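Here's a quick briefing to read with the model open beside you.

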Amino acid sequence: MRYIDKDAFVSKNAKIIGNGSLHIEAHAVIEDNVLIDLGQGGTIRIGYRSKLKYGCVLRSYDGKITIHDRSTIGEYSILAGHGGLIIGNAVIIAGHSYISAAGHIFSGMNDHIRFQGEIAKGIQIDDGVWIGARCVILDGTQLGENSIIGAGSIVTKSLNSNMVCYGSPCREVYDRYIKEEIV
């Protein structure tokens with residue numbers, strides 16, 4: 001099933017492929033060269049006034065990607081929804097970020113990693129989160145409400161609300177409202 005609200009804008013140069021389910025709310029904007037891959041049974045929902053900027057890629061991999069209202073996915077960002085990806089309201093994801101709701105199993109040397117399977121726990125990005133450019137968000141993480149993830153960070157574990165976080169691996173550095181560095 002595909003539903004695109006009459007007040008949404010989908011560029012003629014955007015590409016929607018696959019047989020899964022798509023729902024695009026009113027005033028959402030899908031810019032040029034965006035790829036939305038629904039897979040065979042995946043689901044992608046794009047909320048009210050949300051925006052997919054030039055060249056970004058959403059692949060459901062037969063999972064589910066939900067982008068709530070007034071969120072923006074930056075240029076050339078890639079979102080993979082294997083285990084479920086939920087992006088809250090008013091989230092900013094800057095360009096060239098990679099968010100993957102799955103990971104490879106690598107348990108031994110008996111077989112190539114490609115054939116050992118995947119784990120897909122899912123990712124949740126709460127309301128008001130700001131993710132800087134070129135960040136990587138890995139499976140099984142939750143980013144707390146109003147947190148800030150500094151550019152170039154690699155998120156490997158869940159982070160609390162209202163925290164300024166950065167690094168590789170990403171760590172909580174200080175509370176946005178207290179502004180005291182965590183030791």
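Predicted model: local features only at pLDDT ≥ 70, side-chain atom pairs only at ≥ 80, totals over all residues.

Residues are numbered from 1 along each chain as its sequence is written, and side-chain values use heavy atoms, with hydrogens and water left out. The chain has zero helices and 25 strands; both are DSSP runs numbered from the N terminus, with helices being H or I of at least four residues and strands being E of at least two.

**Overall form**

- The C-alpha atoms fill a box of roughly 50 × 50 × 20 Å along the principal axes.
- Buried residues account for 43% of the 183 in the chain (buried means under 20% relative accessible area, exposed over 50%, partly exposed in between, with a 1.4 Å probe and protein chains only).
- The accessible surface comes to about 9600 Å², and 51% of that belongs to carbon and sulfur atoms; areas come from the Shrake-Rupley method with a 1.4 Å probe, and for residues only the protein chains shown count as cover.
- Take the contacts between residues at least 6 apart in sequence: 13% of them join residues at least 24 apart, where contact means heavy atoms within 4.5 Å.

- Nine strands make an open sheet with mixed pairing, in the order 2-5-8-11-14-19-22-24-25; two strands pair if DSSP finds at least two bridges between them.
- Strand 2 (9-10) and strand 25 (170-175) sit at the edges with a single partner strand each, so one side of each has no neighbour in the sheet.
- Strand 2 runs parallel to strand 5 (residues 29-30), and two bridges join them.
- Phe-9 stands opposite Val-29 in strand 5.

**The aromatic pair**

- Searching the whole structure turns up one aromatic pair.
- That pair is Tyr-54 with Tyr-76, edge-to-face at 5.8 Å centre to centre and 70° between the planes (Phe, Tyr and Trp rings, six-membered for Trp, pair if their centres lie within 6.5 Å; planes under 30 degrees apart are stacked, over 60 edge-to-face, the rest tilted).
- Tyr-54 is in the loop between strand 8 (51-52) and strand 9 (57-59), and Tyr-76 is in the loop between strand 11 (72-73) and strand 12 (78-80), 22 residues apart.
- Both are partly exposed: Tyr-54 has a relative accessible area of 32%, and Tyr-76 has 43%.

**Salt bridges**

- Arg-59 bridges to Asp-37, with the closest N and O atoms 2.7 Å apart.
- Arg-59 is in strand 9 and Asp-37 in strand 6 (residues 35-37), so this pair ties together parts 22 residues apart in sequence.
- Asp-37 is buried at 16% relative accessible area, whereas Arg-59 is partly exposed at 28%.
- Lys-53 bridges to Glu-75, with the closest N and O atoms 3.7 Å apart.
- Lys-53 is in the loop between strand 8 and strand 9, and Glu-75 in the loop between strand 11 and strand 12, so parts 22 residues apart in sequence are tied together.
- Lys-6 bridges to Asp-7, with the closest N and O atoms 3.3 Å apart; Lys-6 is exposed at 73%, and Asp-7 is partly exposed at 36%.

How values were computed
Salt bridge = Lys/Arg side-chain N within 4 Å of Asp/Glu carboxyl O.
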